[in-house]
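Subject: Structure handover

Hello,

Please find the structure below, followed by notes on what was found in it.

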Amino acid sequence: ALAASLEEVRQGGNFLKPLANSGAIPPMAMAVLSAGNEAGNMPEAFKNVASTYEQELQSLTERLTTTLGPAVIIVTGGGVAFMLASVLLPIFDVYQNI
């Protein structure tokens, strides 16, 4: 997609068309970049796209952390319970055989 965009720019065309045709950039980002290109303000358009995806990634990370936190505690508790049982059960068996 980038090679096609580079070739399009060399020929004096719009570099966004090959990117849009390739499907490498999501439609929302393409809409913002197209608007920025038409307005002649590409740096601001790229900043807007980057900011949007950064917020989306941060939100996803927070949700994942919130979801996995209790699961990690449960798995750790299960590991501790297994270790405790593996130490104490042989001791109880020895006391029962005495």
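On the face of α3 turned away from its buried side sit the exposed residues P27, E38 and A39. Here exposed means over 50% relative accessible area, buried under 20%, and partly exposed in between, with a 1.4 Å probe and protein chains only. Helices are DSSP runs of H or I with at least four residues, numbered from the N terminus.

This is a predicted model, in which local features need pLDDT of at least 70 and side-chain atom pairs count only at pLDDT 80 or more, while totals for chains, interfaces and linings use all residues. Residues are numbered from 1 along each chain as its sequence is written, and side-chain values use heavy atoms, with hydrogens and water left out.

The buried residues of α3 are A29, M30, L33 and G36. Seen down the axis of α3, they fall within an arc of 130 degrees, so they line one face of the helix; the arc is that of the directions from the helix axis to the C-beta atoms. These buried residues pack against α2 (16-22) and α4, where contact means heavy atoms within 4.5 Å.

Helix α3 covers residues 27-39, and its 13 residues should span 18 Å at 1.5 Å a residue; the end C-alpha atoms are 18 Å apart, which agrees. The expected span is 1.5 Å times one less than the number of residues. Just after α3, G40 has a positive phi of about 75 degrees.

**Helix α1**

A search of the whole structure finds one salt bridge, defined as a side-chain nitrogen of Lys or Arg within 4 Å of a carboxyl oxygen of Asp or Glu. E7 forms a salt bridge with R10, and the closest N and O atoms are 3.9 Å apart. Because E7 and R10 are three residues apart in helix α1, about one helical turn separates them. E7 is partly exposed at 37% relative accessible area, whereas R10 is exposed at 62%.

A4 also lies in helix α1 (residues 2-10) and is partly exposed, at 41%. The C-alpha atoms of A4 and S22 are separated by 9.2 Å, with the two residues 18 apart along the chain.

**Helix α4**

F92 lies in helix α4 (residues 42-97) and, at 45% relative accessibility, counts as partly exposed.

Regards

Technical notes: Helices (H or I, at least four residues) and strands (E, at least two) are DSSP runs, numbered from the N terminus.
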